[in-house]
Amino acid sequence: MNQPSGRIKAVAIDIDGTITDNQRRLSLSATKAIRRAIKNDIKIILATGNATCFARSTAILLGTNCPVIAENGGVINHGINDNQILADNKKVIEAFKHLKTKTEINEFKDHRYTEKAFAPTIAPNKVRKIIKDYDVEVIHTKFAIHIKNKNINKATALQKLTNQLNIPLEQTIAIGDSNNDIEMIEKAGTGIALGNSTKKLKQKADIKINKQNGQGVTTALKKLKII
């Protein structure tokens, strides 16, 4: 990770807690900033742990047909019914079935191709202990617990997507707030943490913005002269 080098061509932005508030309401400030960035010929990439349909709907609400990374890097979506599935979910399904035999789970009912997600009503370490014999990864965002393929994350998907778009990673910026954004901000040319980001993510970021959520995104894009 470095300070921006050359013209920035793409910005990868997390959704929940980054362009939304803690109640998951979309930020008007971030929406305006993203639209201005697009007018300035910047490729916006939404990168989320949420389901593909949610990510695509958010892009539509933002007024853009930008590509999205969903399911913590498990899916790249270029539009409605245009999905690239980047991970196998067989081990995830096996682990999740075992977990449900040991404890009560409030599973999210949204359709996911590569992972399972559920409400954080159980300690993540307890989940890890129960399914320790399964070759999967358990991550805890601020909004959910995810069981996912160990070989993919937002960074692996960002690498693949920027290759497809012919954009050098050195000319990308990544903005996030949670630990599942860490690999992405490390992979991008410049990684940015917001005021509401986790301590661990702030330690990894190149640039720290004091303002939170959508206001922080707007401030970051202005600071780097993207808008």
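The model is predicted: local features need pLDDT of at least 70 and side-chain atom pairs count only at pLDDT 80 or more, whereas totals for chains, interfaces and linings use all residues. Residues are numbered from 1 along each chain as its sequence is written, and side-chain values use heavy atoms, without hydrogens and water.

Glu71, Asn72 and Ile152 supply 34% of the area that domain 1 buries against domain 2, more than any other three residues. In the domain assignment, which is automatic or from a database, domain 1 comprises 10-85 + 152-224 and domain 2 comprises 89-149. To the contact (heavy atoms within 4.5 Å), domain 1 contributes 23 residues and domain 2 contributes 14 residues.

One salt bridge is found across the interface of domain 1 and domain 2, the criterion being a side-chain nitrogen of Lys or Arg within 4 Å of a carboxyl oxygen of Asp or Glu. A salt bridge joins the side chains of lysine 142 and aspartate 177, at 3.0 Å from N to O. On the side of domain 1 that touches domain 2, four residues are nonpolar, 14 polar and five charged, where Asp, Glu, Lys and Arg count as charged, Ala, Val, Leu, Ile, Met, Phe, Trp, Tyr, Cys and Pro as nonpolar, and the others, Gly among them, as polar.

The C-alpha trace of the protein chain spans about 50 × 35 × 30 Å along its principal axes.

Key: Buried area is the accessible area (1.4 Å probe) that two parts lose on being put together, summed over both.
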